[in-house]
Amino acid sequence: MTKQQQCLFLKSLPVLRVSASGNLVSELQEEGKNAINSPLAPATVDIHPEDTLLEENEERTMIDPTSREDPKFKELNKVLIDWINDVLVEERIIVKQLEEDLYDGQVLQKLLEKLANRKLNVAEVTQSEIGQKQKLQTILEAIYDVLRPHGWAIKWNVDSIHGKNLVAILHLLVALAMHFRAPIRLPEHVSVQVVVVRKREGLLHSTHVAEELTTTTEMMMGRFERDAFDTLFDHAPDKLSVVKKSLITFVNKHLNKLNLEVTELETQFADGVYLVLLMGLLEGYFVPLHNFHLTPENFDQKVHNVSFAFELMQDGGLKKPKARPEDVVNLDLKSTLRVLYNLFTKYKNIE
């Protein structure tokens, strides 16, 4: 940063907080200068003046502006916002910005109540900061009780959520989405650079830390529960062909009645058509063609078909599949095998 840029930066600082206190202007200028001259401060980071108002040893984090512009980070934000709005559509709640709309706990309360089908004993509307934090504490404890048995790392707390820490809010929402098997596809391998600003001996020091928000869908789901198919893929891949052959024999025994035949499990069930037809054959009814897309043309139509097949399975007495429709459509073999094995277990003796 040139001397001229430093002067312009310092001149602009007092405008934001000039009325707060008599000495604040000079203090803010001095801390701003320290932030610029600190040998640990990256020159590319634009630290907001409010983030320089720290007590000794106090620490503040923010997302590097370049990370905010990353397409995958923007996609993650959008997917989660759209999901929340879909879940809360009956509540007439519209979320536009995660850190501004979720920090006080109001939206989180409604979201958890809807997802977990339970009522939380908290005040509906709380204006004071103390009241908001108390309410948020109750909500986060309820979320912790839901996630704790499944081993999810808790990377948020009352102060970070109420402090509008977007990284903490995203960690929380990703955990909820994965736990409740949200019908969404989170972008994988989303990471951000987080700037950590700390005040020591009157000087501001900033460092960069990489924060991983998502890994792969399979790995994130695996944090919650593993089953025989995880063991099969990890430790007995030689037996995989035997399982696939048995399932192919099972599905063809029924699909052959419609002159259909399966040779590749991971691809031929991906559009959901064979799954819907198979359920009709197994349960002994005709599935009206207007209920699904016989020749799906895009991802959404394929997801609709698989979701509809899952509904038929549940109507037939099966539990909700562990796999997500999006995973089947995306050719995830393990997810497809889980679905078909559940059908095999129940209907293997049907002719």
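Strand β2 (residues 191-200) and strand β3 (residues 203-212) pair in the antiparallel sense over ten bridges. Strands here are DSSP runs of E with at least two residues, helices are runs of H or I with at least four residues, and both are numbered from the N terminus. Two strands count as paired if DSSP finds at least two bridges between them. Along this pairing, Val 196 stands opposite Thr 207, and Ser 191 has Glu 212 as its bridge partner.

Two residues lie between β2 and β3, which form a hairpin. In the turn, Glu 201 has a positive phi of about 55°.

This is a predicted model, where local features need pLDDT of at least 70 and side-chain atom pairs count only at pLDDT 80 or more, while totals for chains, interfaces and linings use all residues. Residues are numbered from 1 along each chain as its sequence is written, and side-chain values use heavy atoms, leaving out hydrogens and water.

## The whole sheet

Three strands form an open antiparallel sheet in the order β1-β2-β3. Its edge strands are β1 (59-63) and β3, each pairing on one side only. From one strand to the next, the twist averages 25°.

How far apart are the end C-alpha atoms of α8? They are 26 Å apart, which agrees with the 27 Å that the 19 residues of helix α8 (residues 129-147) should span at 1.5 Å a residue. The expected span is 1.5 Å times one less than the number of residues.

Among the buried residues of α8 are Leu 136, Ile 139, Leu 140 and Ile 143. Buried means under 20% relative accessible area, exposed over 50%, and partly exposed in between (1.4 Å probe, protein chains only). Seen down the axis, the buried residues fall within an arc of 160°, so they line one face of the helix. That arc is taken from the directions from the helix axis to the C-beta atoms. The face turned away from the buried side carries the exposed residues Ile 130 and Gln 134.

The cover over the buried residues of α8 includes α7 (106-116), α9 (158-162) and α10 (166-179).

## The chain overall

The protein chain has 18 helices and three strands. Buried residues make up 46% of its 351 residues. Among contacts (heavy atoms within 4.5 Å) between residues at least 6 apart in sequence, 62% join residues at least 24 apart.

Key. Axes are lines fitted to C-alpha atoms, for helices over the stretch in contact, and angles run from 0 to 180 degrees between N-to-C directions.
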